[in-house]
Amino acid sequence: MQLVSRLGQRLRIWFARMDPYLVRGVARYYRKGMQLFWWYGVFLSLSSAFVDSYITLFILSLGGSRLQVGSLSSLASLFGLLLPLPGAQWAARWGKRKPVVVISFGLRYVALLAALSAPLFAAGPALVGVVIGCFALRAAFLHLGNSPWTSFVGELMPPARRGRYFSSRKMAMAIATLIFVPAAGQLIALFREPTGYQVSFFVALVCGAVGLYLFSRIPERAPVVPAKQERLNLAFWKLLRRTPTFWRFALTAMLFNFSWQFSAPYFGVYQVEVLGATARIIGWMAMIQAFMRVVGQYIWGRLVDRRGAAWTFTLCMLFIPLLPFLWLPLTSPWQLVFVLAPSGFLWAGQEVAIFNLIFDLAGEERQTEAIASYNTLQAMANIAGPLLGGQVVQLLGYRWDFVLSGIGRFAAAILFLAVLKPFDLRKFVRLRLGHRAEADST
């Protein structure tokens with residue numbers, strides 16, 4: 001026991017010196033929330049490592065089709081359309097956001113438990129339908145609590161530390177993914193189908209419950225002032241009109257999300273049906289992607305603080321459209337590394353930047369409802385994308401689906417450039433002309 005106590009003490013001292021929570025020099029009332037939220041992220045990542053990469057494989061192992069996989073994505077997005085605003089209104093009426101998040105996210109794990117238990121009680125096409133329904137509900141409860149969650153966590157740290165803090169937290173989450181996604185693949189391979197997936201999902205359930213407990217201990221700073229009761233659609237349009245840049249950004253994000261979801265649900269199916277990837281291979285490839293996320297979180301998080309969220313976000317958006325085209329020449333599972341490595345790096349920057357960017361654009365007034373309005377718009381695109389993309393896969397094949405997705409993403413990237421104006425081209429031109437004039441004079 002003394003040895004364990006000494007090791008624990010040394011670990012605490014080491015953590016204090018490393019300061020991974022970014023709490024050094026921060027006011028005391030921020031510290032507990034920042035530490036708990038950091039560890040909540042680690043356990044959330046552990047939970048995701050054992051389930052998210054294997055949902056498609058689980059459905060396929062039960063006899064599901066690629067169109068059913070696409071329908072899951074669209075069904076989840078339908079809930080994303082219906083639930084963000086009610087979730088925001090629920091938090092506003094309650095006057096608190098954390099209880100709404102804990103209840104909503106807790107129901108996510110109830111849905112996961114139902115999904116992993118379904119093979120014990122059903123079989124055949126009915127089983128596939130039940131599992132898809134359970135995972136759709138899991139996504140639904142995420143959307144219900146996501147807007148209050150986003151507003152809540154934005155107040156857990158000083159704005160000046162937000163970029164570096166989320167970079168450190170997401171690096172820790174990516175390291176957890178790096179280690180445990182391939183471990184989940186190995187665990188699944190030890191059992192027959194679908195037992196391996198059920199075991200892995202149960203581990204995810206336990207890790208998620210621990211993470212949710214840590215989140216429940218985070219202190220909530222100030223209660224939400226109950227909003228004036230309005231019809232949801234009326235509040236929705238008022239919020240968007242009040243912030244025109246946020247409105248234009250949200251519409252552009254709709255185009256991007258439509259183009260992204262046009263192909264996103266089918267990459268996993270493509271790995272299995274065309275490239276012949278197994279759960280083990282997907283696990284190892286996810287590890288490589290997670291490693292590149294760690295690298296990306298380190299680099300992009302510092303760029304957010306130095307150059308700003310809009311600059312970092314737009315730069316990532318200009319390169320992300322290239323990713324679907326990288327799938328076209330692949331012929332073997334090992335070649336996935338050439339897609340997943342740059343994907344992990346670029347999406348890490350997008351994730352760090354967009355969180356800060358939405359806070360900057362939404363403003364402080366009725367922020368929870370503004371974020372819910374944004375999420376509602378994105379859900380519209382996320383519903384249509386997989387449905388139309390699935391039809392293209394059926395009629396023209398995967399390659400056309402990927403190409404059209406890349407073209408749509410590139411169009412959205414150009415619009416982001418116009419809306420956000422992150423690069424001061426006039427200043428760059430003036431600087432270049434100044435250097436040239438100086439050189440001519442000498």
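This briefing walks through the helices, cores and packing of the structure above. The model is a predicted one. Its protein chain has 18 helices and 0 strands. Of the 442 residues in the chain, 54% count as buried. If we take contacts between residues at least 6 apart in sequence, 86% of them join residues at least 24 apart.

**The nonpolar cores**

- The largest nonpolar core holds 78 residues. Phe 37, Tyr 54, Phe 135, Trp 149, Phe 201 and Phe 215 are the residues with the most contacts inside this core.
- Helix α7, which covers residues 124-153, gives the most to this core, with 10 residues.
- Beyond its neighbours within four places in sequence, Tyr 54 is in contact with Ala 49, Val 181, Pro 182, Ala 184, Gly 185, Ile 188, Tyr 197, Phe 201, Ala 279 and Gly 283.

**Helix α2 with helix α9**

- Two packed helices are described by the angle between their axes and the distance between the axes.
- Helix α2 (residues 28-49) packs with helix α9 (residues 195-216) at an angle of about 165 degrees, and their axes are 8 Å apart. An angle over 145 degrees counts as roughly antiparallel, so α2 and α9 are roughly antiparallel to each other.
- The α2 and α9 crossing is left-handed.
- On the α2 side, the contact is made by Leu 36, Phe 37, Trp 39, Tyr 40, Phe 43, Leu 46 and Ser 47. On the α9 side, the residues are Ala 204, Cys 207, Gly 208, Val 210, Gly 211, Leu 212, Leu 214 and Phe 215.
- By class, the residues of this contact are 12 nonpolar and 3 polar, with no charged ones.

**Helix α6 with helix α9**

- Helix α9 also meets helix α6 (residues 98-117): their axes come within 10 Å and cross at roughly 170 degrees. The pair α6 and α9 is therefore roughly antiparallel.
- From α6, the contact includes Val 101, Phe 105, Tyr 109 and Leu 113. From α9, Phe 201, Phe 202, Leu 205 and Leu 212 are among the residues that take part.
- The contact of α6 with α9 divides into 13 nonpolar, 4 polar and 1 charged residue.

**Helix α4 with helix α7**

- The axes of helix α4 (residues 66-82) and α7 come within 8 Å and cross at roughly 30 degrees. This crossing is right-handed.
- Helix α4 brings Gln 68, Ser 71, Leu 72, Leu 75, Ala 76, Phe 79 and Gly 80 to the contact. Helix α7 brings Val 128, Ile 132, Phe 135, Ala 136, Leu 137, Ala 139, Ala 140 and His 143.
- Here the classes are 11 nonpolar and 4 polar, with no charged residues.

- Ala 176 lies in helix α8, which covers residues 162-189. Its relative accessibility is 7%, so Ala 176 counts as buried.
- Ala 176 and Leu 46 are 130 residues apart in sequence, and their C-alpha atoms are 6.0 Å apart in space.
- Leaving aside neighbours within four places in sequence, Ala 176 is in contact with Val 42, Ser 45 and Leu 46. Leu 46 also belongs to the contact of α2 with α9.

Definitions and conventions:
Residues numbered from 1 in each chain as written. Predicted model: local features only at pLDDT ≥ 70, side-chain atom pairs only at ≥ 80, totals over all residues. Heavy atoms only, no water. Core = buried A, V, L, I, M, F, W, Y, C linked by side-chain atoms within 4.5 Å. Buried < 20%, exposed > 50% of the residue type's maximum accessible area, 1.4 Å probe, protein only. Helix = DSSP H or I, 4+ residues; strand = E, 2+ residues; numbered from the N terminus. Contact = heavy atoms within 4.5 Å. Axes fitted to C-alpha atoms, helices over the stretch in contact; angles between N-to-C directions. Parallel < 35°, antiparallel > 145°, perpendicular 65-115°, else oblique. Left-handed = near helix turned anticlockwise from the far one by under 90°. Nonpolar A, V, L, I, M, F, W, Y, C, P; charged D, E, K, R; others polar.
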